[in-house]
Amino acid sequence: MPPPPPLTEEPEDEEWLTTYADAITLLMAFFVMLVSFSKIDLPLFEEVMSGIQQEIGMGAAKETTTSEVKTKIEEVVFQIGMEQMVEVQKDTQGVTIEMANAGFFKPGTADIKEEAIPLIYEWGKLLTKEEYKYFLIEVEGHTDDDPIHTAMFPSNWELSSDRAAAVVRTMQSGGVHRFQLKVAGFGDSHPKVPNRDIDGNPIKLNQAKNRRVVVRLVPMDKKLKDEFIEILLEERLAEEERKRRQEEKAKQDAIQQRLKAAESEQQMQDQINENLDGMNQTPAN
């Protein structure tokens, strides 16, 4: 009886690679087309790319930078214990931080309460980190419709602007670069909820909601990011040059001081020698 034919492995079917490559090519063409005729919504783009990576890699989606910033901002809020006064949300533009005036400002002023300063300062420090620093930070001040008229604040426009500016100054003290910052005062022109009922009577709860400062974190597009990087580079080079000149001046000053000290010592020695010569030339009695 003849032996059975040897077993051979069937070649692996790799036809799926053609379909996979076609799908990837179509996706790439789709995004190239989007770039060619529209302005990319960066937060949405990040979410879409994260979803595509999840589907292709069959793994967990990578958290986007915008989502990471939102999480970090919320962590700072909870660490400071001001979660009742802050609302952090993520939208199609980026991250929105809404701060209730009652928790941040003294009534009728643009003075930030002492207990709120550490929170804003820590946000500033967070947004200086390399992975989070490429955001535009737009700070908006809002008031209710009760008019104000003081020497410092002739109207709600000035009050809202100064409150926004106070937040910006505090964030800048935390290290945020001025290139990223923007201040806007809206007064009572953009209420979150109606200030008054149909009879014109003030709704106190709504007015309290309208008194707020909103911080918008918007990811920079490539053009702005490149411009920001160029500014940072120029400032770093200027700072290095300033330090080099200071060190050079310090060296020159040290040399001048040593020369003056040596000259002063030589003058003293000359004076001593002159006195000794005079004593030697004095005739004895």
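Colleague: Among contacts in the chain between residues at least 6 apart in sequence, what percentage join residues at least 24 apart?

Modeller: Contact means heavy atoms within 4.5 Å. In this predicted model, 67% of the contacts between residues at least 6 apart in sequence join residues at least 24 apart.

Colleague: What should I know about the numbering and the values?

Modeller: Residues are numbered from 1 along each chain as its sequence is written, and side-chain values use heavy atoms, with hydrogens and water left out. As this is a predicted model, local features need pLDDT of at least 70 and side-chain atom pairs count only at pLDDT 80 or more, while totals for chains, interfaces and linings use all residues.

Colleague: What is the mean pLDDT of the chain?

Modeller: pLDDT is the predictor's confidence in each residue, from 0 to 100. Here the mean is 83, and 79% of the residues reach 70 or more. Over residues 58-62, pLDDT stays under 50.

Colleague: How many helices and strands does the chain have?

Modeller: Helices (H or I, at least four residues) and strands (E, at least two) are DSSP runs, numbered from the N terminus. This chain has eight helices and five strands.

Colleague: Which residues of helix α5 are buried?

Modeller: Buried means under 20% relative accessible area, exposed over 50%, partly exposed in between (1.4 Å probe, protein chains only). In α5 (residues 117-126), the buried ones are L119, I120, W123, G124 and L126. They sit on the same side of α5, because their arc around the axis is only 160 degrees, taken from the directions from the helix axis to the C-beta atoms. Their cover includes α3 (65-80) and α6 (156-173).
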